[in-house]
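Welcome, and thanks for taking a look at this one with us. Please open the structure below and keep it at hand while you read.

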Amino acid sequence: MKKGIALATCLTLLFGVITGCSNSTTTSQPAGQPSATPTEATKTEPMVLRWSINSEPPSMDPGIAVDADSFDMIYAAFEGLTSYDLNGQLTNATAESFTNTPDYMNYTFKIRKDAKWSNGDPVTAHDFVYAIKRNLDPKTASEYAYQLYYIKGAIPVMNEFGV
């Protein structure tokens, strides 16, 4: 009896490994539907991201979010001036390019000409300035505002708001 159970278990595991390691790319199609290659499907159908998250994000506002679920969604929905590639190297995102002074005190970002908001409006430097000032505004109550204090002039902006 023990040998029979062991044999059945081994065969089940072997079948699972063979099935899981196959590189078959066939997908089931509804009856009467022609099969389409992935490139054909993406030409006619919108791309959809289905993402399982732990819980409903408390905020989608980058200025007030403090939890991982919110930041996961924010990172998926918004793009900063720069980002990191898969190797952890700094890369341009909304910025087409940037330069800095040798003392790293001044950075100049050139925003991509094709950078647009979801409504089609162009992304401008003013949008980034607005976001930084908004996060420094005590009325926003951004718990991470302190991370902007290293920007020259950030503390006077706080003083402008009476802090």
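What follows is a short tour of selected residues, contacts and strands. Please bear in mind that this is a predicted model.

**Around Ser-70**

Let us begin with Ser-70, which sits in helix H3, spanning residues 68-77. Is Ser-70 buried or exposed? Its relative accessibility is 0%, so Ser-70 counts as buried; the cut-off for that class is under 20%. Within H3 the buried residues are Asp-69, Ser-70, Phe-71, Met-73 and Ile-74.

The side chain of Ser-70 has polar partners. One is the side chain of Asp-67, in a polar contact of 2.7 Å. Another is the backbone oxygen of Ser-59, which lies 2.9 Å from a polar atom of the Ser-70 side chain. Asp-67 also caps the N-terminal end of H3, with a side-chain oxygen 3.3 Å from the backbone nitrogen of Asp-69. Beyond its neighbours within four places in sequence, Ser-70 is in contact with Pro-57, Pro-58, Ser-59 and Ala-65.

Ser-59 deserves a visit of its own. This residue belongs to the loop between helix H2 (38-44) and H3. With a relative accessibility of 13%, Ser-59 counts as buried because the limit is under 20%. Its side chain reaches the backbone nitrogen of Asp-61 at 2.9 Å. Setting aside neighbours within four places in sequence, Ser-59 is in contact with Ile-64, Ala-65, Ser-70 and Ile-74.

| From | To | Distance |
|---|---|---|
| Ser-70 side chain | Asp-67 side chain | 2.7 Å |
| Ser-70 side chain, polar atom | Ser-59 backbone oxygen | 2.9 Å |
| Ser-59 side chain | Asp-61 backbone nitrogen | 2.9 Å |
| Asp-67 side-chain oxygen | Asp-69 backbone nitrogen | 3.3 Å |

Which residues make up the largest nonpolar core? There are 5 in all: Leu-81, Ala-95, Ile-111, Ala-115 and Val-123. In soluble globular proteins, nonpolar side chains tend to be buried together. Not counting residues up to four places away in sequence, Leu-81 touches Asn-92, Ala-93, Thr-94, Ala-95, Phe-109, Ile-111 and Phe-128.

Thr-82 is found in strand S1, residues 82-84. Its relative accessible area is 28%, so Thr-82 is partly exposed. With residues up to four places away left out, Thr-82 touches Leu-90, Thr-91, Asn-92, Ala-93, Phe-98 and Phe-109. Thr-82 and Phe-109 are 27 residues apart in sequence, and their C-alpha atoms are 9.5 Å apart in space.

**The S3–S4 hairpin**

Strand S3 (residues 95-100) pairs with strand S4 (residues 107-111) in the antiparallel sense, over 5 bridges. Thr-99 stands opposite Thr-108 in S4. S3 and S4 form a hairpin with 6 residues between them, and Tyr-104 in the turn has a positive phi of about 60°.

**Aromatic rings**

The model contains 5 aromatic pairs. Why is the pair of Tyr-144 and Tyr-146 tilted? The ring centres are 6.3 Å apart and the planes lie at 45°, so the pair counts as tilted, a class that falls between under 30 degrees for stacked and over 60 for edge-to-face. Tyr-144 is partly exposed at 33% relative accessibility, and Tyr-146 is partly exposed at 47%. One aromatic cluster is formed by Phe-71, Tyr-75, Tyr-144 and Tyr-146. Phe-71 also brings us back to H3, where it is among the buried residues.

Notes: Residues numbered from 1 in each chain as written. Predicted model: local features only at pLDDT ≥ 70, side-chain atom pairs only at ≥ 80, totals over all residues. Heavy atoms only, no water. Helix = DSSP H or I, 4+ residues; strand = E, 2+ residues; numbered from the N terminus. Buried < 20%, exposed > 50% of the residue type's maximum accessible area, 1.4 Å probe, protein only. Polar contact = N/O pair within 3.5 Å; in protein donor to acceptor, adjacent residues only side chain to side chain. Contact = heavy atoms within 4.5 Å. Core = buried A, V, L, I, M, F, W, Y, C linked by side-chain atoms within 4.5 Å. Phe/Tyr/Trp six-rings, centres within 6.5 Å; stacked < 30°, edge-to-face > 60°. Pairing = 2+ DSSP bridges.
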